[in-house]
Structure formats: C-alpha cells, structure tokens
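Colleague: I am new to this structure. Please take me through one part closely, the nonpolar core, and set it in its surroundings.

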Amino acid sequence: MKQQPRFDIDLDKHYNATLVVACDECGHETRLHLKNLTPDRAHRCQCGSTIAMSPGALLQAERQVNAIKAAYRVR
Ligand SMILES: [Zn+2]
C-alpha cells in the first residue's frame, strides 16, 4: 500500500485552504489549493515524482480545514 502524502494546511486571510504536501522522494513542499484538488489526480513534484491525494486523505484534509475554521468561528 502506498504511503499517504504528509501535508500541512494553510488558511489564508480569506480562509482559502492550501495543502502543503511534502514529497516522499525529495522533501520538497508543493502547495495545492484544496478547492482545486481532485482525488487521485497526480501532481508532479519538481523532482519528477508524483503526488496524489487519495479520496480518504482529501476527506481528512477537509475535516482538518473545518476544524480550523470552527476554531476561528468561521463558516
Ligand atoms: Zn520531490
């Protein structure tokens, strides 16, 4: 089973969520806008390896975003 990408979540001042995904191969961080993400669609890192968020990982990311927004009392 392929390891899920590690990621952090950034919210900008408009509460748009950006996923900062660390590449397994080189550790380079790729920034992806959550609303533009499609499950299992591959993004290419600068080192040539691909980064893909599984539907489960995407769901987990959305839950984290919602939790952060709830903490800020935003909807
Ligand atoms: Zn890479």
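Modeller: This is a predicted model. Start with burial. Of the 75 residues in the protein chain, 11% count as buried. Now the core itself. The largest nonpolar core has seven residues. They are Phe7, Ala17, Leu19, Val21, Cys23, Ile51 and Ala61. Strand β2, residues 17–22, gives the most to this core. Its share is three residues.

Look next at alanine 17, a member of that core. Set aside its neighbours within four places in sequence. Alanine 17 is then in contact with Ile9, Leu11, Leu34 and Val65.

Now step back to the chain around the core. The secondary structure comes to one helix and five strands. Along the sequence the pattern reads β-β-β-β-β-α. The radius of gyration is 13 Å, close to the 11 Å that the globule rule gives for 75 residues, so the protein chain is as compact as a globular protein of that length. Along its principal axes, the C-alpha trace spans about 40 × 25 × 15 Å. Take the contacts between residues at least 6 apart in sequence: 27% of them join residues at least 24 apart.

Finish with the helix. Helix α1 covers residues 55–72, which makes 18 residues. From first C-alpha to last, α1 reaches 26 Å, close to the 26 Å expected at 1.5 Å a residue. Arginine 73 follows α1. The phi of arginine 73 is positive, near 60°.

How values were computed
Residues numbered from 1 in each chain as written. Predicted model: local features only at pLDDT ≥ 70, side-chain atom pairs only at ≥ 80, totals over all residues. Helix = DSSP H or I, 4+ residues; strand = E, 2+ residues; numbered from the N terminus. Expected span 1.5 Å × (residues − 1). Rg over C-alpha atoms; globule rule 2.2 N^0.38 Å. Buried ≥ 20, exposed ≤ 12 C-beta atoms within 10 Å, placed from the backbone. Contact = placed C-beta atoms within 7 Å. Core = buried A, V, L, I, M, F, W, Y, C linked by C-beta atoms within 7 Å.
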